[in-house]
Amino acid sequence: MNQRYRPQRYQPITRLGLGGTGLGDMYHATTDAAGEATVDAAWDAGIRYFDTAPHYGTGLSELRFGQALRRRARHEYTLSTKVGRLLVPDVAGDIASPFVSSLPFRRVLDYTADGARRSVEDSLQRLAIGSIDIVYVHDLSIDALGNEFEHYFRIAAGPGGAFEGLVKLREEGLIKGWGLGVNTIEPCLRALRQSDPDIFLLAGRYTLMEQTPLEELFPLCAERGAHVVQGGPFNSGFLAGGSNYDYGPASPVQHEHRDRLRKVAARHGVDLAAAALQFGLGHPVVVATIPGASSPEHLRRNASLLSVEIPEQFWQELLAGGLLPPDAPVPPRTAPQDT
């Protein structure tokens, strides 16, 4: 394990980011023009953190981000992408749920150091942008890999693995930070104990529906100086009124929990989506949140939700009613001003 402690770790420029799943045609198709308009709307709203991945539409999200961002001054924004899946040419493409489109590539899992370096180089080609700030090891998690998770984690964390390769890329100055982009907590804990990650993109695990990172992950991040980006603050749109939860239909228990949250929100005149977006940023290790958006309208709504002032009484009722654990930090009354 790399024992060097690095207290000044890189973090995104702004606290609100734009997640790239929508630009990769998750759930429904969009257009190149709409994708560019979405990034332009994000920029106009003050957002300067953009996250993408080869997995999102087999390169479609990266391509669209590059088209929209390459005319911007590179030092003015944070860009993150991911490794773990190489894209190889395939005329038929590779449509994988929940994405509905594909460029002419197919995904090949590769969690080696060589694979990570090649993935970064390929991403730079698709983006046509000269540098990437943060690289996440993507979906190195049991929910994505099933019974093969231990096999691939040993590759990633072992000699010649992606962790070692990304540490080297950071030391070479080719990236500013690295970590994991996952939907579960355990791989993040193991990465912190076995290597030297800077930041995690953790989707769906620290929201108004679930706060499991409070027990072990967030304290260890604080101890190691690592940051967390909150992905999926709406749990696949569920907390914003949708019917999916973590990429699939919500369960009756999840609907019941949301109903309880809605009742508290109604009593205090609070937009539940605004509370959902702001909640994660109340924790000191969470440095940004990145809801997805596939249109300028979605983007502008997200930006406006972050500026909504939420009364302290709302958060206190959630704490008192057991809808949040008693040790959950809550946002201040004044909404975050730094987009």
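Predicted model: local features only at pLDDT ≥ 70, side-chain atom pairs only at ≥ 80, totals over all residues.
Let me begin with a term: a residue is called buried when its relative accessible area is under 20%.

Is Asn-235 buried or exposed? Its relative accessibility is 0%, and because the cut-off for buried is under 20%, Asn-235 counts as buried. As for what surrounds it, if we leave aside the neighbours within four places in sequence, Asn-235 is in contact with Gly-204, Arg-205, Thr-207 and Met-209, and also with Asn-244, Tyr-245 and Asp-246. With Asp-246 there is also a polar contact, in which the two side chains are joined at 3.2 Å.

Now to the pockets. The largest pocket holds about 1200 Å³ of space, and its lining is made up of 48 residues, with Thr-21, Met-26, Tyr-27, Ser-236 and Tyr-247 lying nearest the centre. Which elements supply at least two residues each to that lining? They are α4 (142-145), β7 (177-182), β8 (199-203) and α11 (296-306), and it is α11 that gives the largest share, with four residues. If we sort the lining of this largest pocket by class, we find 23 polar residues, 16 nonpolar and nine charged.

The second largest pocket has a volume of about 150 Å³. It is lined by 13 residues, and those closest to its centre are Val-120, Leu-124, Ile-132, Leu-174 and Ile-175. Here the largest share of the lining, four residues, is supplied by helix α3, which covers residues 113-127. By class, this second lining consists of six nonpolar, four charged and three polar residues.

How many cavities of 30 Å³ or more does the structure hold? The number is one, and the volume of the largest cavity is about 30 Å³. The residues that line this cavity are Pro-54 and His-55, then the run Lys-82, Val-83, Gly-84 and Arg-85, and lastly Ser-119 and His-138. Sorted by class, they come to four polar, two nonpolar and two charged residues.

How values were computed. Residues numbered from 1 in each chain as written. Heavy atoms only, no water. 1 Å grid on protein atoms, 1.4 Å probe; cavity = no way out; pocket = protein on both sides within 12 Å on 5 of 7 lines; lining within 4 Å. Points joined across faces, edges and corners; volume = space filled by probe spheres on them. Nonpolar A, V, L, I, M, F, W, Y, C, P; charged D, E, K, R; others polar. Buried < 20%, exposed > 50% of the residue type's maximum accessible area, 1.4 Å probe, protein only. Polar contact = N/O pair within 3.5 Å; in protein donor to acceptor, adjacent residues only side chain to side chain. Contact = heavy atoms within 4.5 Å.
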